[in-house]
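Subject: Structure handover

Hello,

Here is the structure I said I would pass on. My notes on it follow below.

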Amino acid sequence: MANGGPVEHGYPHLEVVRASITALYKRLSYDTIHAFDTSVAPVDVAFCDTDELHLGAQRVARELVRHYRLPDARLIVGFREMTHAANVELAAGPEYFVELNDRFRTHRRDIGAALAHEVTHVYLHRLGLSFPGVRENEILTDTAATYLGAGWLLLDAYREDGASSQKLGYLTPEEFGYVLAKRARVFGEDPSVWFTSAQAYTAYVEGRGRARRDEEQPPLSAAGWAGRRRYARDRRRAREPRSAGAERGVPYVFSPEEVRGGGSGGLRVSFPCPTCHQRIRVPVRGRVRARCGLCRTMLECDT
């Protein structure tokens, strides 16, 4: 939790974020992902200063448990002085003890954001989905919370001005915006109407632009002129007998197409699906329509 200190910006964790989205689709399946087509509603996690602290926190926790379809999970929320925003004890359940930073006693509007991250920890723990390393696992948790409809609260808790700053979670504001835009693209949502923080809206717009660029990379047909020109150059080089191999700085990789009886025929190109980032491999033969086997996205390609 950045509290008055510098807030990191940009996309330093982008590769882990993309790997997290792929891992979600692999572990949950297409159908389960689409069961989260409705995000947590602002009214359901609203917290007024007049609400009783502990009862209000328990109410918000129950709503988030309901969102994740964990009917037998019970969260017991407490407050104490700590460095991080919150912590959850991941035991066998069904009771889970969540501790929130004492700061939230007076910043109650952000209790929902802190609990969204911790309840996602519980959800992933029950799925048995984790990444090696504490930081990577926390990035997975933020990404899962956002992609499954609760993490917009974490972005909305981001506020920054000349005198103070606050940010929850391990992703940068722009990375939260990126994942949120990915979700919005799949489910047709407009999360911008939920933001109470002007800085959160700005970060979402920036992240949305970065997410759109994923859909404009060759060999996708929506690629721009410069990308198409470089792709054509790399394709010519890949056909040369002594090709140097994959080009740096591009998402696609060319490889020989195997034929019956050994040897190679034409070329194939592999590239990440712009929705789930699973790699897709198609023949290089002009216009091709490909379907991602993981997230079922139909992709128009010009290979």
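I start with a pair of helices: H1 and H3 pack with their axes 11 Å apart, at an angle of about 95 degrees. Angles of 65 to 115 degrees count as roughly perpendicular, and H1 and H3 therefore stand roughly perpendicular to each other. On the H1 side the contact is made by Leu-24, Arg-27, Leu-28 and Thr-32, and on the H3 side by Tyr-123, Leu-124 and Leu-127. Of the residues in this contact of H1 with H3, 5 are nonpolar, 1 is polar and 1 is charged. Please keep in mind that this is a predicted model.

Helix H3 also holds Thr-120. With a relative accessibility of 0%, Thr-120 counts as buried. Setting aside neighbours within four places in sequence, Thr-120 is in contact with Tyr-68, Thr-141, Ala-144 and Ala-145. Thr-120 and Thr-143 are 23 residues apart in sequence, and their C-alpha atoms are 9.6 Å apart in space.

How many of the residues of H4 are buried? The count is 10 of 14, and H4 is mostly covered. Glu-138, Ile-139, Leu-140 and Thr-141 are among the buried residues, as are Asp-142, Thr-143, Ala-144, Ala-145, Thr-146 and Tyr-147. Just after H4 comes Gly-149, with a positive phi of about 105 degrees.

Next is helix H2, residues 53–67. H2 has 15 residues and spans 21 Å between its first and last C-alpha, close to the 21 Å expected at 1.5 Å a residue. At the start of H2, a side-chain oxygen of Glu-52 comes to within 3.0 Å of the backbone nitrogen of His-54. The buried residues of H2 include Leu-53, Gly-56, Ala-57, Gln-58 and Val-60. Against what do the buried residues of H2 pack? They pack against strand S2 (74–80) and H3. H2 is followed by Arg-69, which has a positive phi near 55 degrees.

Lys-182 is found in helix H6. Its relative accessibility is 6%, so Lys-182 counts as buried. A polar atom of the Lys-182 side chain lies 2.5 Å from the backbone oxygen of Pro-274, and the side chain of Lys-182 makes a polar contact with the side chain of His-277 at 3.3 Å. Not counting residues up to four places away in sequence, Lys-182 touches Ile-21, Tyr-147, Ala-211, Asp-214, Pro-274, Thr-275 and His-277.

Glu-189 lies in the loop between H6 and helix H7 (198–214). Why does Glu-189 count as buried? Its relative accessibility is 18%, and buried means under 20%. The side chain of Glu-189 makes a polar contact with the side chain of Ser-39 at 3.0 Å and another with the side chain of Arg-183, also given as 3.0 Å. Neighbours within four places in sequence aside, Glu-189 is in contact with Asp-37, Thr-38, Ser-39, Arg-183, Ala-184 and Trp-194.

Regards

Conventions
Residues are numbered from 1 along each chain as its sequence is written. This is a predicted model: local features need pLDDT of at least 70, side-chain atom pairs count only at pLDDT 80 or more; totals for chains, interfaces and linings use all residues. Side-chain values use heavy atoms; hydrogens and water are left out. Buried means under 20% relative accessible area, exposed over 50%, partly exposed in between (1.4 Å probe, protein chains only). Helices (H or I, at least four residues) and strands (E, at least two) are DSSP runs, numbered from the N terminus. A polar contact is a pair of N or O atoms within 3.5 Å; within protein, one must be able to donate a hydrogen and the other to accept it, and residues adjacent in sequence count only if both atoms are side-chain atoms. Contact means heavy atoms within 4.5 Å. Axes are lines fitted to C-alpha atoms, for helices over the stretch in contact, and angles run from 0 to 180 degrees between N-to-C directions. Angles under 35 degrees count as roughly parallel, over 145 as roughly antiparallel, 65 to 115 as roughly perpendicular and the rest as oblique. Ala, Val, Leu, Ile, Met, Phe, Trp, Tyr, Cys and Pro count as nonpolar, Asp, Glu, Lys and Arg as charged, and the others, Gly among them, as polar. The expected span of a helix is 1.5 Å times one less than its number of residues.
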